[in-house]
Amino acid sequence: MEVLIFDNEADVSSYAARIFSKLMRRKPDAVLGFATGSTPEPMYAEMRRQHTEESLDFGRVTTFNLDEYVGLAADDRNSYHYYMWKVLFDHVNVRSDRINIPDGMSNDVPATCDDYEKRIQAAGGIDLQVLGVGGDGHIGFNEPTSSLASRTRIRTLTQKTREDNARFFGAVSDVPRHCITMGIGTIMDAREIVLLAFGERKANAIRQVVEGPISAMCPATVLQLHAKATVLIDKGAASRLRLKEYYKEVAANKPDWQRV
Ligand code: GLP
């Protein structure tokens, strides 16, 4: 696992956007895995800028989002559909028939989940997946104790996640209890993964992800088993890492060919 520590959110976000744009220029029909939450927002802003100012082309990409709330329609302001159109899809030339987000309004959730897995496979698998991380180490909506081999399925949100996300809804009671999320096994199948985290409120999770034992109690720790996972964090999120100085030394002395 590569760990890169930046001075601030803006530097993390532009580096993450560069990882995406480098792939998209090398492979214009890349399959991109997107995430929601406040963490990737500045990265999407940077992608919008690169689209407008540097002709970053989304015309042939396919996208898959990690998750969606059950019971929220695409036009609900709190749905992840709504979020993705607002922060990215409305502003770039991505084809709407190549956008994939789990359907939170499905009448047949198991069939929808099965179909999502098949669509990922049919697209050739995800080339690059971005992740945020919950304070408890969840990725997508794979809460603690999720099977590390899980596939796309319905999950029940923990009280902590509902409380964390209540800021978008107004009240905890308005946050849906269920979601559809790519499984941890689904996420791990991506050829490359970048995980972003900002601020001290994520420092405990990041310490576990990078230096802790692999455990379903902190699902993001599974990334230690991924051959190409990069953790991009600011100083706050890095504040509890034991080998912080070593990660900085590695980054400072990277050979040029390894730089993005
Ligand atoms: C939600 C999303 C996750 C996200 C997490 C953290 O639970 N399903 O994908 O990583 O929130 O959100 P934030 O980035 O707002 O801290």
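Ile19, Glu192, Lys228, Thr230 and Val260 lie nearest the centre of the second largest pocket, which has a lining of 19 residues. The model is predicted. Two elements each give two or more residues to this lining: helix H1 (9-26) and strand S10 (229-234). H1 gives the most, with five residues. By class, the lining of the second largest pocket holds nine charged, eight nonpolar and two polar residues. The space inside comes to about 500 Å³.

Now the largest pocket. Its space is about 580 Å³. Three elements each supply two or more residues to its lining: strand S4 (67-69), helix H3 (80-87) and helix H5 (159-169). H5 provides the largest share, five residues. The lining has 32 residues in total. Nearest the centre of the largest pocket are Thr36, Gly37, Ser38, Tyr80 and Phe168. Sorted by class, this lining contains twelve nonpolar, twelve polar and eight charged residues.

Where does the ligand sit? The ligand is in the largest pocket. Around the ligand stand 15 residues. The closest are Ser38, Thr39, Asp67, His138 and Lys202. The shell around the ligand has eight polar, four charged and three nonpolar residues.

Which side chains place a polar atom 2.6 Å, 2.7 Å or 2.9 Å from an oxygen atom of the ligand? The table lists them.

| Residue | Distance from a polar side-chain atom to a ligand oxygen atom |
|---|---|
| Ser38 | 2.6 Å |
| Arg201 | 2.9 Å |

How much of the ligand does the protein bury? Taken alone, the ligand exposes 390 Å². The protein buries 97% of that area.

The largest pocket has about 580 Å³, and H5 gives the largest share of its lining.

Conventions: Residues are numbered from 1 along each chain as its sequence is written. This is a predicted model: local features need pLDDT of at least 70, side-chain atom pairs count only at pLDDT 80 or more; totals for chains, interfaces and linings use all residues. Side-chain values use heavy atoms; hydrogens and water are left out. On a 1 Å grid over the protein atoms alone, a cavity is a set of points where a 1.4 Å probe fits but cannot get out, and a pocket is an open set with protein on both sides within 12 Å along at least five of seven lines; lining residues have an atom within 4 Å of a point. Grid points are joined across faces, edges and corners, and a volume is the space filled by probe spheres set on the points. Helices (H or I, at least four residues) and strands (E, at least two) are DSSP runs, numbered from the N terminus. Ala, Val, Leu, Ile, Met, Phe, Trp, Tyr, Cys and Pro count as nonpolar, Asp, Glu, Lys and Arg as charged, and the others, Gly among them, as polar. A residue is near a molecule or strand if one of its heavy atoms lies within 4 Å of it. A polar contact is a pair of N or O atoms within 3.5 Å; within protein, one must be able to donate a hydrogen and the other to accept it, and residues adjacent in sequence count only if both atoms are side-chain atoms. Accessible areas come from the Shrake-Rupley method with a 1.4 Å probe; for residues, only the protein chains shown count as cover. A molecule sits in a cavity or pocket if more than half of its atoms lie within 2 Å of its grid points.
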